[in-house]
Amino acid sequence: MYTPSEKEQLRRNEHHEADVVVVGAGILGCAVAVALGNQDRSVILLERSLKEPDRIVGELLQPGGVQALEKLGLRDCLEEIDAVKVFGYDVIYYGEEVAIPYPEDVRGGEASDEMRGTKRKRPEGRSFHHGRFIQRLREKAMAHPNVTVIEATATEMVTSGYTGQVLGVEANVQGKPDSFFGHLTIIADGYASKFRKEYRTDTPVAKSKFWGLELIDAPLPMPNHGHVILGDGAPVLLYQIGTHETRALVDIPENTTSASVANGGVKGHIRNVVIPSLPPAVRPCFEAAIEKDRLRSMPNSFLPPKTNITPGLAILGDALNMRHPLTGGGMTVAFNDVVLLSDLLDPAVVPSLASTGLVLKQLKRLHWQRKSLSSVINILAQALYSLFAANDTQLKALQQGCFEYFKLGGNCVDGPVGLLAGIIRNPFVLIYHFFSVAVYAIWIYVASGGILAAPFRATIGSSMVFYKACAVLFPAQSLGGHLLGRMPRPESERVHWVIPSTKFYTTCTWGVAHEQ
């Protein structure tokens, strides 16, 4: 391990100067500090409070995130925190269940040697208490010889009056003003970022909230799986975060009548709408949690990514890009962004971060290279939420079609859950499965209507369902950042698809997408 010189230690600790200043010691902040520290960069990591955070989201890491964590040398942060293995999902639709395990082989006949050998097994995610995981990441950062962690509240940017370049940040340290300087300042201060608004005009949009409860010793229908419960209301999520603890997240859209004050508020909604839709074995634990545990909420925000164009500055993590947390993809995107960024800023490519023009060029590349994963997860999260929180006839038809599609098994499960897990990174696979669900939903919608309703459903009704599917996907694609236009793809990527109605197999080869 590289031992920093006394000069570098003095530079960080006394003069508050480093190659990189990172604001926010959360998921992304800690990971990027360690990754850049591993490249012999000098890093100052600022965090408002180093106490263990207590949040109700950021508790499920998909297999694609676990893989990225391993690439960063941080996989052992999942140890000693009572983390629970996650093997997939259990979707419960009006009491009927279907298991959707993570896929064993996501590339069909194109499996790698690693997947053919001893490591060929279904990938695993992890769920845990968010605060415990954060503290393990912080311990890694604090132990790194190239990283100095300081409890400080960043207050404003230090910017050159001549060039507009960001030179660092001003901060309060134990109530006293101070300044920290670096060639590159990374803002990773989360969904409520105080600096985001200085560099972009759009703001996060939240149309619902997750209300969280902690269940004790809940008998889940399928242990080691996340549970998605669909019924008359918006979706409910259940997943273990410890040996005895299970997180329950209840989605409540804004202006929900059953959650109004007149109907008993959020607790009234949970008692009258949510609990009757739960598996019977879980209901007593849920009722006990309502009485004992405090209800906490988090806004379900979405925010499209933007290219970093300010010299000396990179905005990353939830400060840059958010999606509905239904699919648990936020941490997976964050860790993969750190992997990409550390590769793009490798000293062999960028010898000095003082080369501001070269750093900006690499940040532009990051914006496009991250799309193969981030756009898939962003679009999937928003589209699935629209279906799972269905509130009209067409969306209900698509919701039922989605569930019946999962029941077909095989590629109809492996493809969608591989996308959700962050291990299939091809947006064309997402589009294929989404419209396969739409076509299958239309078939079910027409077939289930009876003779009298069949003419209407086969013509006007089916057109309305298909239109609704387009209305769901294309706005979500806009959130993903127009992924089809300039997303880099390998020269030949073979993807095996199955159309469920015909069992017809086809192979497609996509050409190279060149930036203009």
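Predicted model: local features only at pLDDT ≥ 70, side-chain atom pairs only at ≥ 80, totals over all residues.
As a reminder, strands of a sheet pair through backbone hydrogen bonds, either parallel or antiparallel.

Let's look at one of these pairings. Strand 3 and strand 7 (residues 125–127) are joined in the antiparallel sense by two bridges. Here Leu60 stands opposite Ser127 in strand 7.

## Two packed helices

Two packed helices are described by the angle between their axes and the distance between the axes. For helix 10 (residues 371–388) and helix 13 (residues 427–447), the angle is about 15° and the axes lie 10 Å apart. Angles under 35 degrees count as roughly parallel, so helix 10 and helix 13 are roughly parallel to each other. Their crossing is left-handed.

Which residues make the contact? Helix 10 contributes Val376, Ile379, Leu380, Ala383 and Leu387, while helix 13 brings Pro427, Leu430 and Phe434. By class, the contact of helix 10 with helix 13 has eight nonpolar residues, with no polar and no charged ones.

## Thr310 in its loop

Thr310 sits in the loop between strand 16 (296–302) and strand 17 (313–315). Is Thr310 buried or exposed? Its relative accessible area is 16%, and buried means under 20%, so Thr310 is buried.

Leaving aside residues up to four places away in sequence, Thr310 touches Gly164, Val166, Tyr199 and Leu360.

Note on methods. Residues numbered from 1 in each chain as written. Heavy atoms only, no water. Axes fitted to C-alpha atoms, helices over the stretch in contact; angles between N-to-C directions. Helix = DSSP H or I, 4+ residues; strand = E, 2+ residues; numbered from the N terminus. Parallel < 35°, antiparallel > 145°, perpendicular 65-115°, else oblique. Left-handed = near helix turned anticlockwise from the far one by under 90°. Contact = heavy atoms within 4.5 Å. Nonpolar A, V, L, I, M, F, W, Y, C, P; charged D, E, K, R; others polar. Buried < 20%, exposed > 50% of the residue type's maximum accessible area, 1.4 Å probe, protein only. Pairing = 2+ DSSP bridges.
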